[in-house]
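I set out to record what I looked up in this structure. The entries follow in the order in which I made them.

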Amino acid sequence: MAERVLDARWLEPPEPMELTLAAIDSLEPGDHLRLLIHRTPYMLFPILKEWGFSYQSHSNDDGTYEVLIWRKEQAAPSRTPP
């Protein structure tokens, strides 16, 4: 299982959404995406469900967020970076 990291912190909309959708669209089976972002991406969550992805969102101590995204048929990845 490989991890891809997308650092979208401090990018202006719609770039974080565009980059995230492009990244998950190219995920290989078994891979997952770790999205780093400066706000909760509420508009992304329903799209992930519609496209067949699961996610976990976590707020960091510095006020940023980390969202792990993986295909629903896969096991959830570890929240700890490799």
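Which residues of the largest nonpolar core touch the most other members? I noted that, of the 15 residues in this core, they are I24, L33, L35, L44, L48, F53 and I69. I took a nonpolar core to be a set of buried Ala, Val, Leu, Ile, Met, Phe, Trp, Tyr and Cys residues joined through side-chain atoms within 4.5 Å, where buried means under 20% relative accessible area with a 1.4 Å probe, protein chains only.

Before going on, I recorded that the model is predicted: local features need pLDDT of at least 70, side-chain atom pairs count only at pLDDT 80 or more, and totals for chains, interfaces and linings use all residues. Residues are numbered from 1 along each chain as its sequence is written, and side-chain values use heavy atoms, with hydrogens and water left out.

Next I looked up I24 and its contacts (heavy atoms within 4.5 Å). I24 touches L33, L48, W51, F53, I69 and R71, leaving aside residues up to four places away in sequence.

I found an open sheet of four strands in the order 1-2-4-3, with mixed pairing. Its edge strands, strand 1 (3–7) and strand 3 (53–59), each pair on one side only. Strands here are DSSP runs of E, at least two residues, numbered from the N terminus, and two strands pair if DSSP finds at least two bridges between them. Strand 2 (residues 32–37) and strand 4 (residues 65–71) pair in the antiparallel sense over six bridges. In that strand 4, I69 stands opposite L33.

Terms used:
Buried means under 20% relative accessible area, exposed over 50%, partly exposed in between (1.4 Å probe, protein chains only).
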